[in-house]
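The following explanation is intended for a reader meeting this structure for the first time. Please keep the sequence and the model in view while reading.

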Amino acid sequence: MSTAIPPLSPPLRPTLRQRAFSERTQRTLRRRRVVNGIMLGVFVVAAVVAVLPLIFIFVHLIRLGVGSLSWDFFTKMPTPVGEAGGGLANAIVGTLILIGVASAVGLPVGVGSGLYLAERKGASLANGVRFLSDVLNGLPSIVMGIFAWQFLVRPVGHFSALAGGVALGAMMIPMVARTTEEMVGVVPVALREAALALGYPRWRTSLSIVLRTASAGIVTGALVAIARIAGETAPLLFTAFGNQFWSLSLRQPIAALPLQIFSYAISPYDAWHSLAWAGALVLIALIFIISLIARIATRARFSAGGGD
Amino acid sequence: MTVVEAREGDGATLRIHGAAVGDRVYAGAITFFALCVPLLLLAIAWELGVAAWPALHRFGFGFLTSSEWDPVKGEFGAAPAIYGTIVSSIIALLLATPLALGVSLFLSELAPRWLRQPVGFLVDLLAAIPSVVYGLWGIFVLLPVLRDPVMPFLRDTLHLDTTGLFTGPAYGPSMLAAGIILAIMVLPYIASVSREVLLAVPRSQREAALALGATRWEAIRGAVLPYARSGIVGGIILGLGRALGETMAVTMLIGNRPEITASLFAPGYTMASLLANEFSEASSDAHLSALMAVGFVLFLITVIVNAIARWLVWQVSRGASGRAA
């Protein structure tokens, strides 16, 4: 690239006009360099400022949360105001149950529609569904909550874990659908063709060759979706509702970590505040463990040479 | 569907026949699952619409413009909640957009390779924190900080009270607090879309500008940003969609008072926080229906905002692939 340009002619003395021009250029160049420096500095500052809240939140979570964490927190039930101790065992189990119900609803539908989107790429129905699933993904979770209330709680007459799980599962559908589509999309066509050439019917090719090849990516996507809904509170306010007692029934109201954090945070009691911080720490830890597994799954997939 | 031709021999024919049935079942199943998405949206619109109908029918257009929300008297006007939703979202976007743009430009144009992934990961992490944890942090960390140094500083030291936006007592729970927490929450969404769009800008664009003697900033302003503009706008609108419907953190910080006040220090209400607060204790059918109407309005607004955002981002990615070819 760096070929030296040969001098065209012996150097001449610059004329006055040329000298004035070059001085002006020098001056504007200096200004332009200063502006450049300032703007680049602004970007660096913006990056630092954007990361700061995260660091603050983590520092506070750990400082205030770790102190209230104990074995009791995981094994004991919530205690009434004024009684020392107590834990959130029921809320932790409740959250896990809600995640289970949500996955049972959201994963099959999400993976199924993702398969459709990938296999009918370009069809007008596929384009419509893809667009609508993005719209669904952007729907406020509280709207999903009142929908689930109207759909599953109002007719029955009482709150239930099932309604909460369905609300969360509905939120998973668009996320899972889009990652499934992406992951199925990067499976080499040759693989599919090889299976078809060996006489596999299309449906078996899709399920046991294509879907299986893409499975690591789909699992990652599913875990990311689970991590996102695990901390949702708004859809549970009028569906799962929360429960001070031990309950595993899907037809009864059930406790959940985010709900418990919310009611403890807005309560006036210090003991409950520290339980809220501990609950938040556990919730974040749960979400990060799920995301970490997802990341490891992705890395395994990439190092195995699959995908893009 | 099946292009395989039947050959002689019962076994093969049978197997192919079976395959055709299997194919049809499979195609039917995935089509059914795919149709679940539009059906779900339709069901939401229908259920909310039906439940909201009594209130919408009774109050008509006044439901959106009346500012009296009094469940006891049976008067329901959603104007304060709509106003609060819009104002808190605007504050959030005003604070978050420059930051998000700065981060994504830093990541796409400046940062050394080894720094890109960690910083990008940290910004993405902001999106992983649940709303209720933001609310908890807001109540116990952000509000005290706002109450003591920040709000008096804005009002008395900078004399911003003359603008009318920063006046009144500094209690803490306020439109400003909600806007700030929303800004932190939508930042990762705007940043990730803009980063993606910026990384999609072809290298040749930057190199051409630099070769013409532009400084790095001039290359960004003249060549990179115009190329990525509508994608970035799409990202901002996507962030707006998030901000409009965000519930828990806002409910915990906005003070929940159904009044329209110009001062950002005063408590307010948003549509989502109104629902979160009053839905489970709705006293009458009229109250419930009014809340459903609020939910319906929120649904419509976010569907429209998201549709616009997706359309913009989709256009850029399509345009980019078209132009790159």
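The paragraphs below discuss confidence, the contact between the chains, helix packing and individual residues.

This is a predicted model, in which local features need pLDDT of at least 70 and side-chain atom pairs count only at pLDDT 80 or more, while totals for chains, interfaces and linings use all residues. Residues are numbered from 1 along each chain as its sequence is written, and chains are lettered from A and ligands numbered from 1 in the order in which they are written.

Confidence is considered at the outset. The predictor assigns the complex an ipTM of 0.89 and a pTM of 0.89. For single residues, the predictor's confidence is expressed as pLDDT, on a scale from 0 to 100. Chain A has an average pLDDT of 89, with 94% of the residues scoring at least 70. In chain B the mean is 89, and 91% of the residues reach 70 or more. Within chain B, confidence is lowest in helix 11 (residues 285-324), where the mean is 83, and highest in helix 9 (residues 248-253), at 96. Helices here are DSSP runs (H or I, at least four residues), numbered from the N terminus. In chain A, pLDDT remains under 50 over residues 304-308, for which the model has 7 contacts beyond four places in sequence. Where pLDDT is low, the predicted coordinates should not be read in detail.

The next subject is the meeting of the two chains. Two residues are in contact if their C-beta atoms, placed from the backbone, lie within 7 Å. The contact draws 71 residues from chain A and 69 residues from chain B. On the side of chain B that touches chain A, helix 1 (residues 10-59) of chain B supplies the largest share, 19 residues. That side of chain B comprises 51 nonpolar, 13 polar and 5 charged residues. In this classification, Ala, Val, Leu, Ile, Met, Phe, Trp, Tyr, Cys and Pro count as nonpolar, Asp, Glu, Lys and Arg as charged, and the others, Gly among them, as polar.

The axes of helix 1 (residues 16-66) of chain A and helix 4 (residues 113-128) of chain B come within 9 Å and cross at roughly 50°. Helix 1 of chain A is therefore oblique to helix 4 of chain B. Axes are lines fitted to C-alpha atoms, for helices over the stretch in contact, and angles run from 0 to 180 degrees between N-to-C directions. Angles under 35 degrees count as roughly parallel, over 145 as roughly antiparallel, 65 to 115 as roughly perpendicular and the rest as oblique. In this pair, A:Ala47, A:Ala50, A:Val51 and A:Leu54 of helix 1 of chain A meet B:Val119, B:Leu122, B:Val123, B:Leu125 and B:Leu126 of helix 4 of chain B. By class, this contact has 9 nonpolar, no polar and no charged residues.

Helix 5 (residues 131-157) of chain B and helix 6 (residues 175-199) of chain B pack at about 130°, with axes 11 Å apart. This angle makes helix 5 of chain B oblique to helix 6 of chain B. Their contact has 10 nonpolar, 1 polar and no charged residues. The axes of helix 3 (residues 79-110) of chain B and helix 6 of chain B come within 6 Å and cross at roughly 40°, and these two helices are therefore oblique to each other as well. The contact of helix 3 of chain B with helix 6 of chain B has 23 nonpolar, 8 polar and 1 charged residues.

Individual residues complete the account. A residue is buried if 20 or more other C-beta atoms lie within 10 Å of its own, exposed if 12 or fewer, and partly exposed in between, with C-beta atoms placed from the backbone. In helix 10 (residues 257-265) of chain A, 8 of the 9 residues are buried. A:Phe241, in the loop between helix 9 and helix 10 of chain A, has a positive phi near 70°. A:Phe241 counts as buried because it has 22 C-beta neighbours inside 10 Å. B:His159, in the loop between helix 5 and helix 6 of chain B, has a positive phi near 55°. B:His159 counts as exposed, with 10 C-beta neighbours inside 10 Å. Most residues other than glycine have a negative phi.
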